[in-house]
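I opened the model and kept notes as I went. The entries follow the order in which I looked things up.

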Amino acid sequence: MPLIKWDSQGTPYSVVFDDMYFCAVNGYEDALYIFCGGNRLEERFKKLDPTVKGVFTIVETGFGTGLVFCVAWKLWKEHAPASWILNFLSIEKYPLPHPELERALAVWPVVKPQADELAANYNIPSGKIGVFKLDGGRVHLSIIFYDIIFGLEKIAKDSLMNLGADALFLDGFSPAKNPEMWTEKVFAGLARVSRKGTSLATFTVAGWVRRGLESQGFKIEKVTGYGCKNEMLVGSYVSI
């Protein structure tokens, strides 16, 4: 069974979850606003100390087409010091075949340099974890092609995690259509890969998602969304 279908406008939909991968009208701006803006990444990238070698870690639940990763990578390239590494860790149980991923990303010429390099390196290894060094080594992308709980356990052991993630992208399909991505075990796993101050952003405002995150030590706030999303959630991890 194919994992993806395309509507008449060329928008990709998940066959498994009957939900769109990104907003057809403004998917790039949507990702930039919700995930990068919700985590204040441009501001934080600009404040990184250029005199030291450091690692900034983003954990994403749901790699999908890779659009959100490409948007974050573009922002990193534009604003982060050259001495820092972006460590991007993502989980994807239903990875897209290479041709479908390439077709989906081709919709957004604004991220063409990132999309082309991702497509040139992208593969789904038999070992379930793909590790890709991109942008001359400035970007480390790890995709765990497995379920969310296993993925979060693997991420917690990642050698570049240091004291925990700097930012979380909660980017699975709608909680109503993909509930296994939004369970108490998932929220607990997110807390385990976090540290005090780890930021969070997600498109969903489902009440049980908010309560589940708060029960694991996240301080959550509902704010204005963008494009297809009227509202969204942002927050940070406050428990030690």
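At what angle do helix 7 and helix 8 pack, and how far apart are their axes? I found that helix 7 (residues 184-192) and helix 8 (residues 207-215) pack at an angle of about 45 degrees, with axes 9 Å apart. I note that this is a predicted model, in which local features need pLDDT of at least 70 and side-chain atom pairs count only at pLDDT 80 or more, while totals for chains, interfaces and linings use all residues. Residues are numbered from 1 along each chain as its sequence is written, and side-chain values use heavy atoms, with hydrogens and water left out.

**Entry 1: terms.** Helices (H or I, at least four residues) and strands (E, at least two) are DSSP runs, numbered from the N terminus. Axes are lines fitted to C-alpha atoms, for helices over the stretch in contact, and angles run from 0 to 180 degrees between N-to-C directions.

**Entry 2: the helix pair.** I read helix 7 and helix 8 as oblique to each other. On this scale, angles under 35 degrees count as roughly parallel, over 145 as roughly antiparallel, 65 to 115 as roughly perpendicular and the rest as oblique. I then listed the contact (heavy atoms within 4.5 Å). From helix 7, Glu184, Phe187 and Leu190 meet Trp208, Val209, Gly212, Leu213 and Ser215 of helix 8. By class, this contact has five nonpolar, two polar and one charged residues. Here Ala, Val, Leu, Ile, Met, Phe, Trp, Tyr, Cys and Pro count as nonpolar, Asp, Glu, Lys and Arg as charged, and the others, Gly among them, as polar.

Entry 3: Which order do the strands of the open sheet have? I wrote down 6-7-5-4-8-9-11-10 for its eight strands, with mixed pairing. Two strands pair if DSSP finds at least two bridges between them. Strand 6 (129-134) and strand 10 (218-224) are the edge strands, and each pairs on one side only.

**Entry 4: strand 11.** I followed strand 11 (residues 231-237) to its partners. Strand 9 (residues 199-202) pairs with strand 11 in the antiparallel sense over four bridges. In this pair, Ala201 stands opposite Val234, and Thr202 stands opposite Leu233. Strand 10 and strand 11 also pair in the antiparallel sense, over seven bridges, and Ile220 has Gly235 as its bridge partner in strand 11. The hairpin of strand 10 and strand 11 has six residues between the strands, and Gly227 there takes a positive phi near 60 degrees. Five of the seven residues of strand 11 are buried, so strand 11 is largely enclosed by the rest of the structure. Buried means under 20% relative accessible area, exposed over 50%, partly exposed in between (1.4 Å probe, protein chains only).

**Entry 5: helices on strands.** Helix 7 lies across strand 4 (54-61), strand 8 (167-170), strand 10 and strand 11, and runs at about 105 degrees to strand 10. Helix 8 packs on the sheet and touches strand 8, strand 9, strand 10 and strand 11.

Entry 6: Most residues other than glycine have a negative phi. Is Asp135 buried or exposed? I found Asp135 buried, with a relative accessible area of 14%. Asp135 has a positive phi of about 55 degrees although it is not a glycine, and is found in the loop between strand 6 and strand 7 (139-144).
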